[in-house]
Amino acid sequence: MRFIGNKTALLDNINDFICGNIPYYEDMIFCDIFSGTSSVARYFKKDFQIISNDLLYFSYVLQKATIDNNRFPNFKNLKKELNLNNYDDLLNYLENSPLDKLQKDYNINDEELFIYNNYTPSSDVCERMYFKPETGKRIDLIRILLNKWLENKTISENEYFYLLAILIETVPYYSNICGVYGAYLKTWDKRTYNPFKLQNLEIINNNKDNISYNCDAHELIKKIKGDILYLDPPYNTRQYPPNYHVLETIAKYDYPEIKGVSGMREYKEQISMFCRKKEVYNALNDIIKNANFQYIIMSYSTDGILTIDEIEEIFRNHGISDTYKMAKPIEYRQFKSQKRPSKKDLHELLFFVEKEVENPRINDKKLFRKKKEIQTTLK
Ligand SMILES: C[S@@+](CC[C@H](N)C(=O)[O-])C[C@H]1O[C@@H](n2cnc3c(N)ncnc32)[C@H](O)[C@@H]1O
């Protein structure tokens, strides 16, 4: 998914940095506490038990589907109820059933269609052009059906989160925006004309009790414990919720009060201290100080509001000072589309420190094995 700060293109760099600094042993717990699209948590799920988290609810939905969940759901009851043979039939039902028929079959009033009524030019009252009206209506109907099916137990919670997650992954492909939802385009982008097709989400089974949260990292960090803590906080003053408010509303489907030209929902409960110049130092300090993890890795940008010196100071203060390390800065253009001009001097940064923790989960360093050995034995 297109998402500010998505680390998909940096996964190999993060993996190399982890392999180079952290001894692997079995049953390690890895926490991705600013999970966003959950790309990092998903990548490391094959290696570790995962804890993932984000303040955004739609991120939590993606995490529930791909991190918590270890198996592709079978949708047994739903297929039976709708008389469908397989998962492709279910996708086809959601993608292609005539909208009026769905609305009538499930007794859904026009007033219930929140996206259609507020984010499409469906009437004289609403001019917002986030989606074509028929796309907005299909998003609403899928969203409402998921709630109904969960409520009457036609689908399990896992099935609900999987279908909601593929809907969230799909919506950006039909959104009439330039990357984020802070504003919509004033003419229809060609992508909005494409036939509606739901995305696929791969699920890895690591046979572990992975767990996802939708909390403030400052609260969560005091309650969890593990081995590797990966931090990917926002690095500039742009708060995430206003940029993704439509996805948040589709995920929550809570009929919020909305305001302004872009129809923004309230987000004061989701404001991040990492996006505030005056508070960002204390924000990072708080996380590192309270972390009950032996190894800490952080991604940041040279364009960030914290300086490298400030990060080093915080890492050395709370970690074992001489274990502090910063990787060779990674050039921005390495992980940007080739077409885009790269901003000179803009680099991605990776930091590491080891922490003295109470009761480290493994004391005997002889038990440590390199990741490669573990992977070989798993084959
Ligand atoms: C740089 S993005 C993470 C990107 C992610 N690694 C990925 O690959 O998609 C930062 C994330 O931190 C989340 N965030 C910001 N402040 C937070 C906080 N205090 N607690 C939890 N999550 C927070 C934002 O919602 C956003 O999803």
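**Figure 1. Strand 9 and strand 10 in the predicted model**. Strand 9 (residues 330-331) pairs with strand 10 in the antiparallel sense, and two bridges link them. Ile330 has Glu348 of strand 10 as its bridge partner. Strand 8 (residues 325-326) also pairs with strand 10, again in the antiparallel sense and over two bridges. Here Lys325 stands opposite Phe352 in strand 10. Strand 10 itself is mostly covered, with six of its eight residues buried.

**Figure 2. Strand 7 between its pairing partners strand 4 and strand 10**. Strand 7 covers residues 293-301, and eight of these nine residues are buried, so the strand is largely enclosed by the rest of the structure. A residue counts as buried when 20 or more other C-beta atoms lie within 10 Å of its own. Strand 4 (residues 226-231) runs parallel to strand 7, and five bridges join the two. Within this pair, Leu231 is placed opposite Met298 of strand 7. Strand 10 (residues 347-354) pairs with strand 7 in the antiparallel sense, over seven bridges. Met298 has a bridge partner in strand 10 as well, namely Phe351. Ser301 is partnered by Glu348 of strand 10.

**Figure 3. The shell around the ligand**. The ligand is surrounded by 23 residues. Gly5, Phe34, Gly36, Ala217 and Ser272 are the closest of them. Two helices, helix 2 (39-44) and helix 10 (217-220), each supply at least two residues of this shell. By residue type, the shell holds 10 nonpolar, nine polar and four charged residues.

**Figure 4. Packing of helix 3 against helix 9**. Two packed helices are described by the angle between their axes and by the distance between those axes. For helix 3 (residues 57-68) and helix 9 (residues 157-170), the angle is about 125 degrees and the axes are 8 Å apart. This angle makes helix 3 oblique to helix 9. The crossing of helix 3 past helix 9 is left-handed.

**Figure 5. Asp27 and Phe75, two loop residues with positive phi**. Asp27 lies in the loop between helix 1 (11-21) and strand 1 (29-32). The phi angle of Asp27 is near 65 degrees, a positive value in a residue other than glycine. Is Asp27 buried or exposed? Asp27 has 10 other C-beta atoms within 10 Å, and a count of 12 or fewer means exposed, so Asp27 is exposed. Phe75 is found in the loop between helix 3 and helix 4 (76-82). Phe75 is also a residue other than glycine with a positive phi, near 50 degrees. Phe75 has 23 C-beta neighbours inside 10 Å and therefore counts as buried.

**Figure 6. Leu102 and Ile142**. Leu102 lies in helix 6 (residues 99-105). Leu102 has 19 C-beta neighbours inside 10 Å, so this residue counts as partly exposed. How far apart are Leu102 and Ile142 in sequence and in space? Leu102 and Ile142 are separated by 40 residues in sequence, while their C-alpha atoms are 9.2 Å apart in space.

Key:
Residues numbered from 1 in each chain as written. Predicted model: local features only at pLDDT ≥ 70, side-chain atom pairs only at ≥ 80, totals over all residues. Near = placed C-beta within 6 Å. Helix = DSSP H or I, 4+ residues; strand = E, 2+ residues; numbered from the N terminus. Nonpolar A, V, L, I, M, F, W, Y, C, P; charged D, E, K, R; others polar. Pairing = 2+ DSSP bridges. Axes fitted to C-alpha atoms, helices over the stretch in contact; angles between N-to-C directions. Parallel < 35°, antiparallel > 145°, perpendicular 65-115°, else oblique. Left-handed = near helix turned anticlockwise from the far one by under 90°.
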